[in-house]
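Me: I'd like to learn how to read a structure like this one. Could we go through it feature by feature?

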Amino acid sequence: RFIREVLLPSIMSNYKTVYIMRGVSGSGKSTLAQQLAGANGIIHSTDSYFYDSNGDYQFDPSLLSENHQRNYNDFQKSLGRFNVVICDNTNTQEWEYEGYVRSAEAAGYQVVYVVLKPLLRDAQVYADRNTHGVPLDAIHRQIARFE
């Protein structure tokens, strides 16, 4: 629904576009990012750095800062190589994604913010639906800090 009405990806696929996904865990960011990326785009998500060699997700908060930096570095490497580049993090506050935006604009990309505004009444739905086991209390904290 959102893609057809607002983004018109068939038209925008000819442009260099960076999508900044914004929403709490379980809000549908990654599903939508996959649709936006299509066959030729690339998605950068800090979560991808928490998978072990067996493909199991192992969140380690002590690696969060390092993995965010790795994601940002890989995002920068994709600029100029792909027409569609996506930052698929929660991005609940501007400081979390402003570096991505600056890099994208410097590389000549248009930036599109895809905001899945969280609703407190749906917190349990987000907790049940997210694929990384983010608990309800963490979802509440994400909603509370969402700008």
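Me: Is Asp137 buried, partly exposed or exposed?

Reply: Quick ground rules. This is a predicted model, where local features need pLDDT of at least 70 and side-chain atom pairs count only at pLDDT 80 or more, while totals for chains, interfaces and linings use all residues. Residues are numbered from 1 along each chain as its sequence is written, and side-chain values use heavy atoms, with hydrogens and water left out. Now the labels: buried means under 20% relative accessible area, exposed means over 50%, and partly exposed is in between (1.4 Å probe, protein chains only). Asp137 has 44% relative accessibility, so it counts as partly exposed.

Me: Which residue forms a salt bridge with Asp137?

Reply: A salt bridge here is a side-chain nitrogen of Lys or Arg within 4 Å of a carboxyl oxygen of Asp or Glu. For Asp137 the partner is Arg141, with the closest N and O atoms 3.3 Å apart. Both sit in helix α7 (residues 136–145), 4 residues apart, about one turn of the helix. Helices (H or I, at least four residues) and strands (E, at least two) are DSSP runs, numbered from the N terminus.

Me: How many salt bridges does a search of the whole structure find?

Reply: It finds 2. Asp74 and Lys77 also meet in one, at 3.8 Å, N to O. These two lie in helix α4 (residues 64–78), 3 residues apart. Asp74 is partly exposed at 27%, and Lys77 is exposed at 53%.

Me: Which strands pair with β1?

Reply: Two strands pair if DSSP finds at least two bridges between them. β1 (residues 17–22) runs parallel to β3 (residues 84–88), joined by 5 bridges. It also pairs with β4 (residues 110–115) in the parallel sense, over 6 bridges. As examples, Thr17 has Val84 as its bridge partner in β3, and Ile20 has Tyr113 in β4.

Me: Which way do the residues of β1 point?

Reply: Thr17, Tyr19 and Met21 point one way, Val18, Ile20 and Arg22 the other, and all are buried.

Me: Which residues of helix α3 are buried?

Reply: In α3 (residues 29–37), they're Lys29, Leu32, Ala33, Leu36 and Ala37. Looking down the axis, these buried residues fall within an arc of 135 degrees (taken from the directions from the helix axis to the C-beta atoms), so they line one face of α3.

Me: Where does Asn91 lie?

Reply: Asn91 is in the loop between β3 and α5 (94–106). Its phi is near 45 degrees, a positive value in a residue other than glycine. Asn91 is buried too, at 1% relative accessible area.
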